[in-house]
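Here is a set of questions and answers about how the terms used for one protein model are applied.

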Amino acid sequence: MKFWAISRGDLDGFFGLMVDNLIQILVLTGLCVGLCGFPLKFVTAVVLPGAAVSLLVGNLFYAWQAYQLGKRSNRSDVTALPYGINTVSLFAFIFFVIFPTYQATGDYKQAWKVGLLVSFLSGLIEVLGAFIGVWIRKYTPRAALLSALAGIAITFISMDFLVRTFERPILAFLPLGIILLQYFGRVRFPFGVPGGLLSVIVGIGLAHISGWMGDPIIDPNAFLNGKENIGFYFPQFVLADLFSVLDYTNIKAYFSIILPMGIFNVIGSLQNVESAEASGDSFDTKSSLLVNGLGTIVGTFFGSPFPTTIYIGHPGWKGLGAKHGYSVLNGLFITIVSLFGFVGILQALIPIEAGMAIVLWIGIIIASQAFQATPKHHAPAVVVGLLPALSGWAVLLIQNVFFYLDGKLQTILAELGSKDSIHFFLSDIPPHFGFLPYALSGVIALSQGFLITSMVWAAIVVHLLDGEWNKAAIWSLVGAALSLVGWIHGYQLVGNSILNQFTELADPKFAIAYSLLATLFFLTKFLFDRKKEPDSY
C-alpha cells in the first residue's frame, strides 16, 4: 500500500475526525470573538492558520508512523493515532487565561500573547513528558489508563451527543441508524457507499429541510456571512509576540494552568497510545508524545494559543476500517479550511447535528474497549474509574445552569431599572448545603482533576483485586500528594467559576484521608496478607 492510498474505511474515519476537528475550530472561533474580543478577521488571518500548521504537521507524522508500522509488520490494517486541538485545554485556556487577561487589559492582542505563552510552556511540558511516558505506562495498570478514557467517552462524548440526538430525533435518528446498521449490524450499503459518508450526507439533507419540519437549524444568512472571510491567509511567524510577555510575573500568574494542563495532556496522550496498543497497533511511546508536544509548540510559533493532542478514539476509527489515509485527509482538509477562510461557509453547510452520529458511535466503542481490553477480573476497577468523569460532567451541567440563572437575574433587574447588585452564584452556597440529594462540595471535589483521580482509584482497585496491598498503598500515597498540591480535589469557588488551587497548598483533608487509606493497606500487608485469586471475581 502506498502512503497516499485511501481506502473506504479512511473515508469513514476522515468524516468522523474531520467533524470532530471542525467542531473545535468553530468553538474556538466563537469563544475568541464573542468572549475575548478578538475580531473575526484576526482569528481567520492569524489564529486559524497557526492551528493549521500544527494540525498538518501532527496528522502527517501520525499517518507516516502508522504507514511505517504497517510496512514493518506486513499489515494493511494499522490505524493512525487521531490528532487535533485539545478540547479540555481549549476551554481552560479561554476561561482561565485569555478571557481574564482581556478583562484586565481590555486588549485582545495582549490576551492572545499571554495565551501563546501559556500554550508554548504547556507544549514544553508535553515534550518533557515524552521521556518519562514509558515509565508511567510501565507502572500504571491498563485498567487505570483505559477507564479514565472510557469515563470521558461516556460523559463528554456519548452523553453529550446522545442528548443532542434526542433533542432533535427527526434529524438525528436516521443518521445514527445508518451508523449502527453498518458498524454493529455489518450491513453493506448499495454501490459500496461508506456508512459514515452516507450518514453525513443524510444528516446534511435533513438539516437543510429542518425548517419544513418546524425546527429550523440552518441560518439562511450564514452562507452569505461566511463568504465575506474567504481569502488566502498565509501563517504568520509570531515568535516576537510570543516572547514579548515572557517575564516571571506572567509565568507565575498562570502556572496553575500551565503545569496541570501540560501534565493532563501528557497523561491523556499516554492513555490514547495505550488505547491504540490495546486495539493491536503498538506505536513508539516516546516519538508519539514528542511530536504531540512539538505540534503544540509549532502552533504557538505561528499564532495559535491552543494546544494540540493525540485524540481519544483510536479504537473507534479502527472499527471504521480507517488506516493512515484518514489522518492525511484530515490534515489537508483542516489546512485548506483554515488557510482559505472557509470556516464560516462550512458552518453553514455542515451543522454539527449532521455528523454527530459518528462521534457518538466512537464514544461507545471507546467505553466498550475499557472492558474488553483489560483482564476480566479487573472489570470492577474499570467501573470505579468511570465515576469521577460522571461527576465532572454533572458539575459542568450545574455550572452552566448557574451561569444561565445569574444572567437571567441580571436581565430582570435591568428591565426593572434596579441598581442593586444581586447575583446567583455557586460560591454563595454553603459547602455542605444539600440543594442536591448530596452536597455540592463533594460533587465538585470529585470532579476536579477527574482524569487523574480515575487513574488513581482504578489502579488502587486493580492492585486490591490482585492482592497487591503494597502497590495499592503506594497509589493511595500518590493520591495524597496530588491532592495536597491541588491537582485533584482542590478548588476555589469565585462567583460561578471553579478555580484550581495549585498555586498554594490545598485543604489537607484529602491528603490525610488518602494517607489513612495507605496506612490501612500497608497494615493489611503485614497483618492479613491473604491474596485472593483473581478468578474469584
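Q: At what angle do helix α1 and helix α16 pack, and how far apart are their axes?
A: This is a predicted model, in which local features need pLDDT of at least 70 and side-chain atom pairs count only at pLDDT 80 or more, while totals for chains, interfaces and linings use all residues. Residues are numbered from 1 along each chain as its sequence is written, and side-chain values use heavy atoms, with hydrogens and water left out. Helix α1 (residues 8–34) and helix α16 (residues 352–372) pack at about 125 degrees, and their axes are 9 Å apart. Axes are lines fitted to C-alpha atoms, for helices over the stretch in contact, and angles run from 0 to 180 degrees between N-to-C directions.

Q: Why is α1 called oblique to α16?
A: Angles under 35 degrees count as roughly parallel, over 145 as roughly antiparallel, 65 to 115 as roughly perpendicular and the rest as oblique. The angle here is about 125 degrees, so α1 is oblique to α16.

Q: Which residues make the contact of α1 with α16?
A: Contact means heavy atoms within 4.5 Å. Phe15, Gly16, Val19 and Ile23 take part from α1, and Ile352, Gly355, Ile358 and Val359 from α16.

Q: How do the residues of the contact of α1 with α16 divide by class?
A: Ala, Val, Leu, Ile, Met, Phe, Trp, Tyr, Cys and Pro count as nonpolar, Asp, Glu, Lys and Arg as charged, and the others, Gly among them, as polar. On that basis the contact has 6 nonpolar residues, 2 polar and no charged.

Q: What makes α1 roughly antiparallel to α2?
A: α1 and helix α2 (residues 40–73) pack at an angle of about 150 degrees, with axes 11 Å apart. That angle makes α1 roughly antiparallel to α2. The meeting residues include Leu17, Asn21 and Ile25 in α1 and Leu40, Val43 and Val47 in α2. By class, this contact has 10 nonpolar, 3 polar and no charged residues.

Q: Why does Phe521 count as buried?
A: Buried means under 20% relative accessible area, exposed over 50%, and partly exposed in between (1.4 Å probe, protein chains only). Phe521 has 8% relative accessibility, so Phe521 counts as buried. Phe521 lies in helix α21 (residues 509–527). Leaving aside neighbours within four places in sequence, its contacts include Ile460, Leu464 and Trp469.

Q: Is Ser304 buried or exposed, and what is its relative accessible area?
A: Ser304 has a relative accessible area of 2%, so Ser304 is buried. Ser304 lies in the loop between α12 (285–301) and β2 (308–310). Beyond neighbours within four places in sequence, Ser304 is in contact with residues including Val47, Gly50 and Ala51.

Q: Is Ala480 buried or exposed?
A: The relative accessible area of Ala480 is 7%, so Ala480 is buried. Ala480 is in helix α20 (residues 469–484). Apart from neighbours within four places in sequence, Ala480 is in contact with Ala511, Tyr514 and Ser515. Ala480 and Phe510 are 30 residues apart in sequence and 6.6 Å apart in space, C-alpha to C-alpha.

Q: How many helices and strands does the protein have?
A: Helices (H or I, at least four residues) and strands (E, at least two) are DSSP runs, numbered from the N terminus. The protein has 21 helices and 4 strands.

Q: Why is the protein called as compact as a globular protein of that length?
A: The radius of gyration is taken over C-alpha atoms, and the globule rule is 2.2 Å times the number of residues to the power 0.38. The radius of gyration is 24 Å, close to the 24 Å that the rule gives for 537 residues, so the protein is as compact as a globular protein of that length.
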